[in-house]
Amino acid sequence: MPSITFEGQDREVLPGETVLDCLLRSGVAVPHSCKAGACQSCLMKAEANVGLESAQAGLKDTLRAQGYFLACSLRPSADVAVSLPGGEVRTAARITRLDSLNETVLRVRLRVEEPFPYYPGQFLSLVRSDGLARSYSLASLPHESDLELHVRRIPGGAMSEWLHSDSPEGETVWLQGPAGNCFYVPGSPEEPLLLVGTGTGLAPLYGIARDALAQGHTGPIWMFHGALTPAGLYLTRELQEMSARHANLHYVRAALRDGGVDGVEDGELDACIRARLPKLAGFKAYVCGDPALVNSLRKKLFLAGIASKAIYADAFLPSSSPSPLPQSAACT
Amino acid sequence: MSEHVSPSLYQQIGGAAAVDAAVDIFYRKVLSDDRVSHFFDDVDMDRQAAKQKAFLTMAFGGPHNYTGADMRRGHAHLVLRGLNDGHVDVIIELLGATLAELNVPQPLIAQVAAIAESTRGDVLNR
């Protein structure tokens with residue numbers, strides 16, 4: 001069996017085991033979240049290239065070239081020495097402000113001292129000083145003084161409970177990333193955009209919509225925000241004001257239950273979309289939030305005529321640990 | 001009399017541009033067809049689109065690295081789920097309909113269908 005060398009100690013890999021599972025089994029606290037090769041929380045560096053390609057999906061070229069890989073996706077077939085990423089890929093940030101957006105969603109504002117270039121809608125890994133890591137999408141714009149994340153409270157969720165309950169304002173955390181290709185690309189200002197999200201899937205869309213408007217997008221921007229009940233919606237006033245200021249921004253809210261009042265549509269998001277936009281060919285679409293909904297919606301949007309290359313999807317995968325409860329504040 | 005090399009099937013259909021034009025049309029037909037769509041219910045759309053593209057490139061006579069073994073491996077789990085000759089027929093039918101929609105002449109469609117047909121044994125793990 002091959003072995004993994006970490007901080008000078010060798011650890012034997014069990015058959016079929018990933019680098020992440022092997023290290024966790026031997027007591028090394030490797031930050032991780034989705035365990036599905038998406039959230040990038042478990043980024044590690046290998047001293048030699050031992051066939052890392054399969055564990056480098058979604059990583060930047062610069063990281064690939066330096067031997068970075070996702071520990072949850074590498075099943076080593078040869079001995080390999082690995083290390084956790086240091087300051088070179090992490091940026092320190094201070095939690096500056098926490099405010100509730102509704103009963104379960106918290107807006108977390110972070111300030112970085114060093115430059116942290118990103119596109120609104122991309123995601124980052126938030127790493128606590130003890131190594132706990134979760135991914136969140138960026139709702140802010142780069143020129144704003146703080147980064148903005150939307151964190152849904154998940155019962156038993158380690159990171160979300162900490163942020164919601166312990167009021168860690170002023171604490172220092174580490175940011176890794178950003179990553180992901182769910183963001184606005186200038187160059188086609190007249191292109192119709194469709195932004196669809198559930199729950200905190202609104203965070204990347206809020207960033208993308210404001211980015212598009214700030215960059216002078218003139219084509220229609222349709223934003224659909226869905227939740228189980230109207231109480232799950234948030235930033236309603238801000239988005240209504242935005243759509244009042246920008247004639248090309250159309251904002252639609254929908255709830256699966258108890259909708260039909262206060263301008264909240266009642267029913268499935270895709271029915272709401274179809275009712276307003278019977279012809280979707282030529283749109284560019286961004287779909288973010290609950291994984292089952294994201295996957296079914298992107299298929300429906302594709303069948304409704306949107307080109308496969310014009311659909312950007314960000315399924316918020318649940319964190320697999322350390323809480324035994326399902327979580328979904330972490331995203332891809 | 002001068003001799004000239006006749007253009008390949010891939011060139012006659014339109015090469016990579018034709019594959020790009022065909023891939024969404026073909027995949028949409030596959031996903032919308034109740035006879036075969038259930039095989040695609042739980043697949044990742046990005047990965048699937050890339051596979052469709054590789055398959056179309058091969059079927060159009062273009063450059064590819066497909067081997068019979070790849071075809072077997074890639075479909076073994078579907079054979080277990082009941083993939084049979086009837087489903088292969090549907091895929092070849094939808095491939096033809098895609099090309100017809102793109103105004104590819106019938107004799108070329110027949111050649112594409114023949115290439116797709118040649119993978120039947122491997123796809124069905126026979």
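Helices, as counted here, are DSSP runs of H or I with at least four residues, and strands are runs of E with at least two. With that in hand, let's begin with chain B of this predicted model: there are 7 helices and 0 strands in chain B. Read from the N terminus, its elements run α-α-α-α-α-α-α. The radius of gyration of chain B is 15 Å, close to the 14 Å that the globule rule gives for 126 residues, so chain B is as compact as a globular protein of that length. If you orient chain B along its principal axes, the C-alpha trace spans about 55 × 30 × 25 Å.

Buried residues account for 42% of the 126 residues in chain B. Of the contacts in this chain with a separation of 6 or more, 77% are between residues 24 or more positions apart.

Now turn to chain A, whose secondary structure comes to 7 helices and 17 strands. Here the radius of gyration is 20 Å, close to the 20 Å from the globule rule for 332 residues, so chain A is as compact as a globular protein of that length. Its C-alpha trace extends about 60 × 40 × 35 Å along the principal axes.

In chain A, 56% of the 332 residues are buried. Taking contacts between residues at least 6 apart in sequence, 65% join residues at least 24 apart. The accessible surface of chain A is about 13900 Å², with 51% belonging to carbon and sulfur atoms. Chain A carries 30 positive and 35 negative side chains, and the centres of these two sets are 4 Å apart.

To see some of the packing, select B:Leu56: leaving aside neighbours within four places in sequence, B:Leu56 is in contact with B:Val19, B:Ala22, B:Val23, B:Phe26 and B:Leu95.

Technical notes:
Residues are numbered from 1 along each chain as its sequence is written. Chains are lettered from A and ligands numbered from 1 in the order in which they are written. This is a predicted model: local features need pLDDT of at least 70, side-chain atom pairs count only at pLDDT 80 or more; totals for chains, interfaces and linings use all residues. Side-chain values use heavy atoms; hydrogens and water are left out. Contact means heavy atoms within 4.5 Å. The radius of gyration is taken over C-alpha atoms; the globule rule is 2.2 Å times the number of residues to the power 0.38. Buried means under 20% relative accessible area, exposed over 50%, partly exposed in between (1.4 Å probe, protein chains only). Accessible areas come from the Shrake-Rupley method with a 1.4 Å probe; for residues, only the protein chains shown count as cover. Lys and Arg count as positive and Asp and Glu as negative; His and the chain ends are not counted. The place of a charge is taken as NZ of Lys, CZ of Arg, CG of Asp or CD of Glu.
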